[in-house]
Amino acid sequence: MKISTKGRYALRLMLDLALQEGEGPVPLRDVARRQDISDKYLEQIVTQLGRADLVRSVRGAGGGYLLTRPAGEYTVGEILRALEGSLAPVTCAEDPSCCCRSEACVTMEVWSQIAEAVSGVVDHTTLQDLVDRAKARQ
């Protein structure tokens, strides 16, 4: 399983917004500059994050983007799934009914364990955890 560029950049965008929290709306061009990501690509990503109600836009002079809730209320898994969909390595790990061999398939146990391990990390790591780590490195 690989996280796409979109998923990785979405997490960086959300972290950047969280680091700027309390300073008002953050222009996307500022995020693009700080993160060294194309602003056009970030526009696509922020649209998906907005549809998932993870960010909101503020229009006009001084406009930009804001988190919709405190950083501690977001999980990395929630952010990644908004862009990636399921993080399961194979479909049957998420939905065993999709495979007629699932009850007899020994390899499905491995796929399920991988899915549980990934979820265990991303669903127990908050955006605030990343903010704290970033601030500790500064």
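Reply: Let's start with helix axes: these are lines fitted to C-alpha atoms, for helices over the stretch in contact, and angles run from 0 to 180 degrees between N-to-C directions. Two packed helices are described by the angle between their axes and the distance between the axes. Keep in mind that this is a predicted model, so to speak of local features we need pLDDT of at least 70, while side-chain atom pairs count only at pLDDT 80 or more and totals for chains, interfaces and linings use all residues. Residues are numbered from 1 along each chain as its sequence is written, and side-chain values use heavy atoms, with hydrogens and water left out.

Me: How many helices and strands are there in the protein?

Reply: Helices (DSSP runs of H or I, at least four residues) and strands (runs of E, at least two) are numbered from the N terminus. Here you get seven helices and two strands, and from the N terminus on they run α-α-α-β-β-α-α-α-α. The C-alpha trace spans about 60 × 30 × 25 Å along its principal axes.

Me: Where is confidence lowest and where is it highest?

Reply: That's pLDDT, the predictor's confidence in each residue, from 0 to 100. The protein averages 93, and 99% of the residues score at least 70. Helix H5 (residues 91-94) has the lowest confidence, with a mean of 79, and H1 the highest, at 98.

Me: Back to those axes. At what angle do H1 and H3 pack?

Reply: The angle is about 80 degrees, and the axes sit 10 Å apart. Under 35 degrees counts as roughly parallel, over 145 as roughly antiparallel, 65 to 115 as roughly perpendicular, and the rest as oblique. So H1 and H3 are roughly perpendicular to each other. On the H1 side, the contact (heavy atoms within 4.5 Å) involves Thr5, Lys6, Tyr9, Ala10, Leu13 and Met14. H3 brings Tyr41, Leu42, Gln44, Ile45, Val46, Gln48 and Leu49.

Me: And which residues of helix H2 are buried?

Reply: Buried means under 20% relative accessible area, exposed over 50%, and partly exposed in between (1.4 Å probe, protein chains only). Buried residues make up 37% of the 138 residues in the protein. In H2 (residues 28-35) they are Leu28, Asp30, Val31, Ala32 and Gln35. Their cover includes helix H1 (5-19), helix H3 (39-51) and strand S2 (64-67).

Me: What follows H2?

Reply: Asp36 does, and its phi is positive, near 55 degrees, although Asp36 is not a glycine. Asp36 belongs to the loop between H2 and H3 and counts as exposed, at 69% relative accessibility. Look at Asp53 too: this non-glycine residue has a positive phi of about 60 degrees, and its place is the loop between H3 and strand S1 (55-58).

Me: How many salt bridges does a search of the whole structure find?

Reply: A salt bridge is a side-chain nitrogen of Lys or Arg within 4 Å of a carboxyl oxygen of Asp or Glu. The search finds four. One of them joins Arg33 and Asp30, at 3.5 Å from N to O. Those two are three residues apart in H2, so about one helical turn separates them. Asp30 is buried, whereas Arg33 is exposed at 58%.

Another pairs Glu78 with Arg69, with the closest N and O atoms 2.4 Å apart. Both ends are partly exposed: Glu78 at 27% and Arg69 at 22%.

Then there's Asp123 with Arg81, at 2.7 Å between the closest N and O atoms. This pair links distant parts of the chain, 42 residues apart: Asp123 is in the loop between H6 and H7, and Arg81 is in helix H4 (residues 76-84). Asp123 is partly exposed at 28%, and so is Arg81 at 30%.

Me: In that H6–H7 loop I also see Thr126. Is Thr126 buried or exposed?

Reply: Buried, with a relative accessible area of 17%. Thr126 lies between helix H6 (107-122) and helix H7 (127-137). Leaving out residues up to four places away in sequence, Thr126 touches Ala71, Gly72, Tyr74 and Thr75. A polar atom of the Thr126 side chain also lies 3.3 Å from the backbone nitrogen of Gln128. That is a polar contact: a pair of N or O atoms within 3.5 Å where, within protein, one must be able to donate a hydrogen and the other to accept it, and residues adjacent in sequence count only if both atoms are side-chain atoms.

Me: What share of the contacts with a separation of 6 or more comes from residues 24 or more positions apart?

Reply: In this protein, 63%.
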